[in-house]
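Please look over the sequence and the model shown here before reading on. The paragraphs below then lead through the structure step by step.

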Amino acid sequence: MRVRDPERAAKILDAAVELFAARGFHAVAMSEIGPAAGIVGSGIYRHFDSKYAVLVALLEDVMSRLLASSEQIVAEHADSAGTMHQLVRTQIDFCLDHRRHVQLYRREIHALQPDDARRLRRMQRRYNEEWIATLLELRPDIDDTKARALVHAAIGAIQSIVTYDSGQPRDEQTRALTSVAESCLNATW
């Protein structure tokens with residue numbers, strides 16, 4: 001009896017994210033993903049019905065991880081300042097550790113069918129809401145509209161790291177991104 005590799009689906013996703021992020025979802029054939037994952041091309045179909053299903057799984061993974069981490073941070077931290085600091089740090093770490101995933105999400109979210117896109121955007125809004133609620137606790141001087149703008153600016157500034165390789169050591173990148181994100185969150189107008 002043949003035993004399936006329990007890590008095979010993860011290997012497929014790892015290979016696919018590299019290919020999709022480098023060349024774009026539409027430019028990659030399903031037959032290329034298998035060999036990149038170290039399996040025969042048809043082996044993918046034991047785990048995913050289609051290339052589209054691979055893309056959805058990858059994008060869901062991005063939002064699921066970020067949303068779960070934000071919910072855990074909010075649940076674990078009693079003070080808003082500590083919560084915000086950890087939200088910023090976790091977003092930075094995710095972008096540095098999963099650069100290709102973030103690139104893929106930003107570039108390919110539009111390739112999703114309406115129901116899948118709606119589901120992922122709802123997850124993204126829930127993620128942002130954790131930041132917004134925390135910022136409003138920290139900044140009673142701003143309203144909801146300004147808090148949303150500042151949160152989007154901070155997250156966008158952090159995610160900018162996925163578009164280029166600064167060549168800086170990780171700790172320097174982390175300090176710089178933290179400073180920029182905090183500047184965005186503390187901005188006044």
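This is a predicted model: local features need pLDDT of at least 70, side-chain atom pairs count only at pLDDT 80 or more; totals for chains, interfaces and linings use all residues.

Residues are numbered from 1 along each chain as its sequence is written, and side-chain values use heavy atoms, with hydrogens and water left out.

The protein chain has 8 helices and 0 strands (DSSP runs numbered from the N terminus: helices are H or I of at least four residues, strands E of at least two). Its C-alpha trace spans about 65 × 35 × 30 Å along the principal axes. Of its 189 residues, 46% count as buried, meaning under 20% relative accessible area with a 1.4 Å probe, protein chains only.

The largest nonpolar core holds 60 residues (a nonpolar core is a set of buried Ala, Val, Leu, Ile, Met, Phe, Trp, Tyr and Cys residues joined through side-chain atoms within 4.5 Å). Phe20, Ile33, Leu112 and Trp131 touch the most other members. Helix 3 gives the most to this core, with 11 residues.

Helix 1 (residues 8-23) and helix 5 (residues 99-108) have axes that come within 9 Å and cross at roughly 55°; axes are lines fitted to C-alpha atoms over the stretch in contact, and angles run from 0 to 180 degrees between N-to-C directions. The contact (heavy atoms within 4.5 Å) involves Val17, Glu18, Phe20, Ala21 and Ala22 of helix 1 and Arg100, His101, Gln103, Leu104 and Arg107 of helix 5.

Notes
Buried means under 20% relative accessible area, exposed over 50%, partly exposed in between (1.4 Å probe, protein chains only).
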